[in-house]
Amino acid sequence: MLETLPETHPYFFFVADQEATSDRALGATERAFRRYENLLERNKRLAQAEPERADHQRDLVISLLKVAGAEKTGGIKSFKRALTILDFLKDSERLATVDEGMIPELKRLIDNLD
């Protein structure tokens, strides 16, 4: 389905993420990781093009977390980058209340991996 959905569609990220998650659940881990990496690159572009948009920053965080979770090395670099973005959003009062719980969870995860 993703191949027929333009990247500019408002649900593109959701559909692409669901496809990658399904691939991973079905054991197609390499395909899932490629999809997560493609989403990460897309979300980096959007976040860099419009840094004032918290939704683009959050999508980038989610992509970093998905790639980190799929990486064989544990993804600590991606986890740290995601934490930096979340801290920035919180400091600039643009972090959604629902996302505030990600900060202590990421800190705990990073501490356990270090």
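This is a predicted model: local features need pLDDT of at least 70, side-chain atom pairs count only at pLDDT 80 or more; totals for chains, interfaces and linings use all residues.
View 1. Residues are numbered from 1 along each chain as its sequence is written, and side-chain values use heavy atoms, leaving out hydrogens and water.

**View 2. The largest pocket has a volume of about 180 Å³.** Of its 13 lining residues, His9, Pro10, Phe13, Arg42 and Asp59 are the closest to the centre. A pocket is an open set of points on a 1 Å grid over the protein atoms alone, where a 1.4 Å probe fits, with protein on both sides within 12 Å along at least five of seven lines; lining residues have an atom within 4 Å of a point. The volume is the space filled by probe spheres set on the points, which are joined across faces, edges and corners.

**View 3. Meet the elements around the largest pocket: α1 (12–25), α2 (29–49) and α3 (54–70) each give two or more residues to its lining.** The protein has 5 helices and 0 strands. Helices (H or I, at least four residues) and strands (E, at least two) are DSSP runs, numbered from the N terminus.

**View 4. Phe13, Asp17, Thr21 and Arg24 of α1 meet Asp59, Ile62, Ser63, Lys66, Gly69 and Ala70 of α3.** Contact means heavy atoms within 4.5 Å. These residues divide into 3 nonpolar, 3 polar and 4 charged.

Conventions. Ala, Val, Leu, Ile, Met, Phe, Trp, Tyr, Cys and Pro count as nonpolar, Asp, Glu, Lys and Arg as charged, and the others, Gly among them, as polar.
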